[in-house]
Amino acid sequence: MAIVDEVAGSLLIEVCLACILYGVTTLQMFMYYQTFSGDSRFLKGVVGTVWVLETLHTALCMEMVYTYTITHFGDYDFLGNIYWGAGASILVGVFISALVHAFYIRRVWIMSSGSIPITAFITILALCRLGCGIGSFALSLEITEWTPFRANVSPLVTIALGLGCAAAVDVLVALTLSYYIQHGRGKWESGNQASDSRLDTILIYAVNTGAITALSSILSVILFATQKQSLVFLGLVEIQSKLYANSLLGSLNVRAATREKPGSLPQFTTFEFSSRARVPRPPQFRTPISPEFTVPQVAVHQQTVVMHDNGEVDAYSENSMKGELV
């Protein structure tokens, strides 16, 4: 039984964690459709496609673990085989990461005002990740046992290069978005502490999500090269797919916390006081209004700035009714 613990034990635990993350993905998907029903059909389609792929990916992960631990219970030789569900789950995960990378590349294109060199370089790395992932899946169908698969140079190259490109894309996207958010502060800053903190929230989220997915890619390569008798790397790759999906949905849902709707607390508020006569006593004392005195008037002007996911900025202005200061 020690061989089962060594080979499939860590995989089972990691797939359980992946299933928990799938639950988070489903919750985020539900929150997105409830909160942002006004988004474009394209964006809604991307979210729906990611969730469908995540559902398929989770089903393949569960079927793979069930086959290794239940269907072939006691068959120690089968643990050395590459079950087709393992390769299929990796392939679906590659498509999920490609879709998420495409979404972030679109953001880089918008934030950089259409910078071709930056966008093209990140796109090439993302396509390399996609190609290497497909190549790894093809090699898993050709080499059907884990021992020769991990001893062969070709799988090591496709996995290391593919995950390395994925980590590079994640880091470059995080750094690029951080740079343009910081660079655009002069244009977006309102002088309001709450508005500035929202920019900081977006900045921190961009950096953290890129760092987590990049770290998982690096760890997967290290574990694949060092832990020859364990499938711990495979479980981490499955978790990485869930991290990408949650990263995409989280970046969309975070707008609910950073966006202010017209009519809520204003970002820019000014007060205008006008008086046509001198008031002989402080305004906090209520006195009968006599014809010889004029009560000061108060006007509140409210402006709310909303930045959409496609880079457009809308400004809403609202003037409240003038009231008397009594």
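**Close-up views of a predicted helical chain**

**Figure 1. Asp 39 and its partners.** The side chains of Asp 39 and Tyr 32 form a polar contact at 2.9 Å. A polar contact is a pair of N or O atoms within 3.5 Å; within protein, one must be able to donate a hydrogen and the other to accept it, and residues adjacent in sequence count only if both atoms are side-chain atoms. This is a predicted model: local features need pLDDT of at least 70, side-chain atom pairs count only at pLDDT 80 or more, and totals for chains, interfaces and linings use all residues. Residues are numbered from 1 along each chain as its sequence is written, and side-chain values use heavy atoms, with hydrogens and water left out. Asp 39 sits in the loop between helix 1 and helix 2. With a relative accessible area of 17%, Asp 39 is buried (buried means under 20% relative accessible area, exposed over 50%, partly exposed in between; 1.4 Å probe, protein chains only). Leaving out residues up to four places away in sequence, Asp 39 touches Tyr 32, Lys 44 and Arg 255. Contact here means heavy atoms within 4.5 Å.

**Figure 2. The whole chain.** Ten helices and four strands make up the elements of the protein chain. Helices (H or I, at least four residues) and strands (E, at least two) are DSSP runs, numbered from the N terminus. From the N terminus on, the order is α-α-α-α-α-α-α-α-α-α-β-β-β-β. Of the 326 residues, 42% are buried. Among contacts between residues at least 6 apart in sequence, 74% join residues at least 24 apart.

**Figure 3. Leu 12 in helix 1.** Helix 1 covers residues 2-35 and includes Leu 12. Is Leu 12 buried, partly exposed or exposed? Its relative accessible area is 38%, so Leu 12 is partly exposed. Leu 231 lies 219 residues away in sequence, yet its C-alpha is 9.5 Å from that of Leu 12.

**Figure 4. Glu 54 in helix 2.** Glu 54 belongs to helix 2, residues 41-71. Glu 54 counts as buried because its relative accessibility is 0%. Beyond its neighbours within four places in sequence, Glu 54 contacts Tyr 22, Thr 25, Ile 96, Ser 241, Lys 242 and Ala 245.

**Figure 5. Helix 2 against helix 9.** The axes of helix 2 and helix 9 (residues 232-253) come within 11 Å and cross at roughly 160°. Axes are lines fitted to C-alpha atoms, for helices over the stretch in contact, and angles run from 0 to 180 degrees between N-to-C directions. The two helices are therefore roughly antiparallel (under 35 degrees counts as roughly parallel, over 145 as roughly antiparallel, 65 to 115 as roughly perpendicular and the rest as oblique). Residues making the contact include Val 50, Glu 54 and His 57 of helix 2, and Ser 241, Lys 242 and Ala 245 of helix 9.

Figure 6. Helix 4 holds 27 residues, 116-142. They should span 39 Å at 1.5 Å a residue, and the end C-alpha atoms are 39 Å apart, which agrees. The expected span is 1.5 Å times one less than the number of residues. Among the buried residues of helix 4 are Thr 119, Ile 122, Arg 129 and Ser 140. The buried residues of helix 4 pack against helix 3, helix 5 (146-151), helix 6 and helix 9.

**Figure 7. The start of helix 6.** Here a side-chain oxygen of Asn 152 comes within 2.9 Å of the backbone nitrogen of Ser 154.
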